[in-house]
Amino acid sequence: MRATDPVHTITGTYIADTAKAIHFEIHAICNDSCEPNKQWFPFSQVSKITKDKNVGCDTLIVSEWILKEKGLI
């Protein structure tokens, strides 16, 4: 992901990660609520991860491309 690529914020719950990806349950994309949806995101498409002690309040900033590839936007 390049610094100039469009990105979006997703909110939800961190589940797990591996050396190459993060597993995340999505509750909202760009503050628009959605059905909870578990997805893996490669770290190469994630620019920021914020974990919150409140359940469902973790955030990822991810590339627009990966959201389109997964049919999420």
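Two strands pair if DSSP finds at least two bridges between them. Strands and helices are themselves DSSP runs, numbered from the N terminus: a strand (E) needs at least two residues, a helix (H or I) at least four. The model is predicted, so local features need pLDDT of at least 70 and side-chain atom pairs count only at pLDDT 80 or more, while totals for chains, interfaces and linings use all residues. Residues are numbered from 1 along each chain as its sequence is written, and side-chain values use heavy atoms, with hydrogens and water left out.

**View 1. Five strands form an open, antiparallel sheet.**
The strand order is β3-β2-β1-β5-β4. β3 (32–42) and β4 are the edge strands, and each pairs on one side only. From one strand to the next, the twist averages 30°. For that angle, axes are lines fitted to C-alpha atoms, for helices over the stretch in contact, and angles run from 0 to 180 degrees between N-to-C directions. Strands of a sheet pair through backbone hydrogen bonds, either parallel or antiparallel.

**View 2. Strand β1 pairs with β2 and with β5.**
Seven bridges link β1 to β2, in the antiparallel sense. Here T11 has A28 of β2 as its bridge partner. Six bridges link β1 to β5, again antiparallel. T9 stands opposite I61 in β5.

**View 3. Strand β4 (residues 46–50) runs antiparallel to β5.**
Four bridges join the two strands. Look for V46: opposite V62 in β5 is its place.

**View 4. H8 lies in strand β1 (residues 7–17).**
H8 is buried, with a relative accessible area of 18%. Buried means under 20% relative accessible area, exposed over 50%, and partly exposed in between (1.4 Å probe, protein chains only). The side chains of H8 and E64 are joined by a polar contact of 2.8 Å. Such a contact is a pair of N or O atoms within 3.5 Å; within protein, one must be able to donate a hydrogen and the other to accept it, and residues adjacent in sequence count only if both atoms are side-chain atoms. Leaving out residues up to four places away in sequence, H8 touches C30, L60, I61, V62, E64, L67 and I73. Contact means heavy atoms within 4.5 Å.

**View 5. The largest nonpolar core has 12 residues.**
Among them are I10, F24, I26, F41, L60 and L72. β2 (21–29), β5 (58–63) and α1 (64–69) each give two or more residues to this core. The largest share, four residues, comes from β2. A nonpolar core is a set of buried Ala, Val, Leu, Ile, Met, Phe, Trp, Tyr and Cys residues joined through side-chain atoms within 4.5 Å. Zoom in on I26. Beyond its neighbours within four places in sequence, I26 is in contact with residues including I10, F41 and L72.

**View 6. The structure holds zero disulfides.**
C30 is in no disulfide: the nearest cysteine sulfur, that of C34, is 10 Å away. A disulfide is a pair of cysteine sulfur atoms within 2.5 Å. C30 counts as partly exposed, at 36% relative accessibility. C34 is partly exposed too, with a relative accessible area of 32%.

**View 7. R2 sits in the segment before β1.**
R2 is exposed, with a relative accessible area of 61%. R2 and K38 are 36 residues apart in sequence. In space they are 25 Å apart, C-alpha to C-alpha.
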